[in-house]
Amino acid sequence: MNLKALEVEHLVFSRRNRTSLEACDSDVRRIVEDFAQGMNESRARNYSDVQLNQLKQNLTCLILDLLACSQTGDSQWIGYSRGKTNFTKGGAYWSEVLERPLISSTYYISAIEYLHENGFVEDRPAQAGHSRFSSRVKPSVRLVEMFNGLGLNWTAINEIDQGQNIVVKDASKKPTSWPRPENFDLNGALDSLSRINANLSDTFINLSVSDDELDSINERIGANIGADSDDTESGGFLDFTDRTLRRVFANSSFSKGGRFYGGWWQRVPSEFRKHIEINGAVTVELDFSTIQPRILYATVNLEPPDDSYVLPSWGHDYRHIVKKAFSQLLNSDQSSRNPNQWHRFAPDVDPDPLPNDWFNISKAVRDRRRRELFIEQSGRDYSELIRDLLEYHEPISNDFFSGVWEATQNLDAQIVEKVLISLLNEEVPETALPIHDSFIVRRGAEELLRSAMVTAFNDVIDSEAKIHRDDTVFDRPPGYVHEGPVISSPELHEQVKEELFKTKKKYYLREQEWTHRYSSID
């Protein structure tokens, strides 16, 4: 049965399958052995030893992906492809470094079908031809009960570096073969990413929120996933096994895009990011203020306005809308310069609450509704804001409607790489969690981070950076009475352990699981 015959709206809540996972638990390896033996015995002709090893590799990746999915609740699906082109050079599953697909079309899909036939997964193959959704799979209750019975959790999963952490997309935003590097240091980028990800893999990164807050965060993420969630940058719900990064380049070029994506912390709503912990320490976030305008103004040897996203005629209340508009205009082409074409743009305004059918209607209809909402809220048309933005930024007016956004993203990605590597080069390496133009580090390391950011920006842009610190004070949990600064998570636990376990059972359990696996959080 394919998706055409099924109700498919619930399949929106999905993420792409992960193809570079390895087990660090003997129970996972035993599960793989048992399933491989069952598949072998169900065949008229047994697999050869080589084939059996390939099957086990694919089963391992699939089982670990299902284990990770089981940790995020029962509403999320894993999107995967059955299309042969995704397993060939330039396809989503191809490794340019290994020069082979990371998973096999034959063994991976056979494993899904075997697990489905035996009640271990729910499988929803996509219909042939164009489909709104890719194929979907998720663990069944039976498989989840098996995981739970063995005490398996997120710490049993490692992500390994197999050369797929650099992704190049074509003009249609589909993965494609790597272009010639030209002036891009491809080997250097691969080495840097490998160092960054090795550090992140060895780092305990946690989120100190209550169980109810975690559920609420995942609900918000689910509401924003939409029907286009097959994009490789859509990570789905918070998955604490997802703590490595990849770089995604655009337009079949290493000079376009290149930003760092991945890592569950990038999906945490901004107001909750202050609750992220690194190896048990509470954190602080620094960001490059108005980085894109500062890059563009540097190209004309001018200082940008103090805040490029606050237009005099609109004020600070519209800052987030101006910021989105700024990006829209940089990312659009010359054909949109004519004001008669500005109906293509929509403000960053959504109905609250979202209508039930919000992601089922076309983008054009959603955008029209957003423009209507903007008029209702502001009394002015969105095109008026666009006109005022262009006038305010007249010195860089040639950059709008030029598609320069991907080139500026490439520059800010170079800055991010320099910052992350600089911190790893410290005598005692510091872990930083990047979120495009901001970084999260443990409290106490912010001055090291600030210095690295200033130096990296100057190296790449040859201009002075403007850095903003999130001054939100970490909320002291009930029961915590210490007068000094809140720094140490172990100290918190000693005073508020009972309260933590009442309201933050999942948070506390993640730390227990990590400590059990790796002996400590240091």
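Me: How much space lies in the second largest cavity?

Reply: This is a predicted model, in which local features need pLDDT of at least 70 and side-chain atom pairs count only at pLDDT 80 or more, while totals for chains, interfaces and linings use all residues. Residues are numbered from 1 along each chain as its sequence is written, and side-chain values use heavy atoms, with hydrogens and water left out. A cavity is a set of points, on a 1 Å grid over the protein atoms alone, where a 1.4 Å probe fits but cannot get out, and its volume is the space filled by probe spheres set on the points. The space in the second largest cavity comes to about 40 Å³.

Me: Which elements give two or more residues to the lining of the second largest cavity?

Reply: Lining residues, which have an atom within 4 Å of a point, are here Ile196, Asn199, Leu420, Leu424, Glu430 and Ala432. The elements that give two or more of them, taken as DSSP runs (helices H or I of at least four residues, strands E of at least two), are α5 (186–201) and α11 (405–424).

Me: How far apart are the end C-alpha atoms of α5?

Reply: The expected span is 1.5 Å times one less than the number of residues, so the 16 residues of α5 should span 22 Å. The model agrees with this, as the end C-alpha atoms of α5 are 22 Å apart.

Me: Which residue caps the N-terminal end of α1?

Reply: The backbone nitrogen of aspartate 27 in α1 has a side-chain oxygen 2.7 Å away. That oxygen belongs to the capping residue, aspartate 25.

How values were computed. Polar contact = N/O pair within 3.5 Å; in protein donor to acceptor, adjacent residues only side chain to side chain. 1 Å grid on protein atoms, 1.4 Å probe; cavity = no way out; pocket = protein on both sides within 12 Å on 5 of 7 lines; lining within 4 Å.
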